[in-house]
Amino acid sequence: MPSRCEQPGLEEAAQSLAVAIDGPSASGKSTVAKALAQALGIPYCNSGLVYRAITWSLIDKGVPLDSQSAFKTAVRQMNLECRIEGNELRVRVDGREPGEEARSPAVNAAVSRVAACSWLRRRLLPIFRRLAEGGPIVMEGRDIGTAVFPNSRFKFYLDADPRVREQRRQKQGEADSIGERDWEDRSRAAAPLQRAPDAVLIDSTEMTVDEVVGRMLDELRKRGFPLPKDSSIR
Ligand code: CDP
């Protein structure tokens, strides 16, 4: 990983064309962000995948996560590659993609602890921002509207009833204590999960994916996002 902690060298214009979607676990972010990016014909970036890939690699190498120095040494030595390929973010650590392991019970249980590290988050910020340098993107996560692209005019905060979110995750067949993860993500000091004041709040509890995406497209239109002529839900 590059050791320098760069300030964003990004043009204001590029940052302001990033569509930011934040929200708690299983609020529907990934499905909706993917569909929205497809409707807009622009890349979809799942920032959570980066935290998951790092966590997967640390677990794989047997790095003790409670040792700050072992953790930092391992992260410094990682070759982290984040690239947009075929309109999707691909993440490799030391040349390998985590694949399904990114969502293993071990990664689910440890990822929020890894993501709470402000030192790590500072290193990742320029990597995330660089992804928008090639043009507009949709990026989902926890701090995209608040910390990664605070200058974006296109921010959404997606939420849903906690019971519905729990049910959605169970249906996906994943062992994942989303309540605990949400608590960790909301209560950490570094870039906690919170709604940016200028983010549009959408409660997806009783909405279909198409309805949420339609609502987002309407909002983007109102806020002046350059929509392609045929932007529709596919
Ligand atoms: O799929 P799900 O919404 O459950 O999680 P994810 O987006 O894959 O993110 C996994 C974890 O990474 C979150 O629980 C956060 O701890 C962390 N994360 C973060 O801190 N900041 C982001 N921008 C994205 C993810």
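1. Arg-165 is found in helix H8, which spans residues 162-171. Helices here are DSSP runs of H or I with at least four residues, strands are runs of E with at least two, and both are numbered from the N terminus. Arg-165 counts as buried because its relative accessibility is 5%; buried means under 20% relative accessible area, exposed over 50%, and partly exposed in between, with a 1.4 Å probe and protein chains only.

2. This is a predicted model, in which local features need pLDDT of at least 70 and side-chain atom pairs count only at pLDDT 80 or more, while totals for chains, interfaces and linings use all residues. Residues are numbered from 1 along each chain as its sequence is written, and side-chain values use heavy atoms, with hydrogens and water left out.

3. Leaving aside neighbours within four places in sequence, Arg-165 is in contact (heavy atoms within 4.5 Å) with Pro-24, Ser-25, Ala-26, Ser-27, Asp-159, Ala-160, Ile-178 and Asp-182.

4. At the start of H8, a side-chain oxygen of Asp-161 comes to within 2.8 Å of the backbone nitrogen of Arg-163. After H8 comes Gly-173, with a positive phi near 75°.

5. Lys-155 lies in strand S6, residues 154-159. With 4% relative accessibility, Lys-155 counts as buried. The side chain of Lys-155 reaches the backbone oxygen of Gly-145 at 3.0 Å. Not counting residues up to four places away in sequence, Lys-155 touches residues including Ala-20, Phe-149, Asp-198 and Arg-223.

6. The ligand is surrounded by 19 residues, the closest being Arg-52, Arg-121, Arg-169, Arg-181 and Asp-185; a residue is counted if one of its heavy atoms lies within 4 Å of the molecule. Polar side-chain atoms of Arg-103 and Ser-112 each lie 3.0 Å from an oxygen atom of the ligand. For Arg-188, a polar side-chain atom lies 2.8 Å from a ligand oxygen.

7. The largest pocket holds about 950 Å³ of space, a volume being the space filled by probe spheres set on grid points joined across faces, edges and corners. On a 1 Å grid over the protein atoms alone, a pocket is an open set of points where a 1.4 Å probe fits, with protein on both sides within 12 Å along at least five of seven lines; lining residues have an atom within 4 Å of a point.

8. Of the 47 residues that line the largest pocket, Ser-30, Asn-46, Arg-52, Arg-103 and Glu-140 lie nearest its centre.

Note on methods: A polar contact is a pair of N or O atoms within 3.5 Å; within protein, one must be able to donate a hydrogen and the other to accept it, and residues adjacent in sequence count only if both atoms are side-chain atoms.
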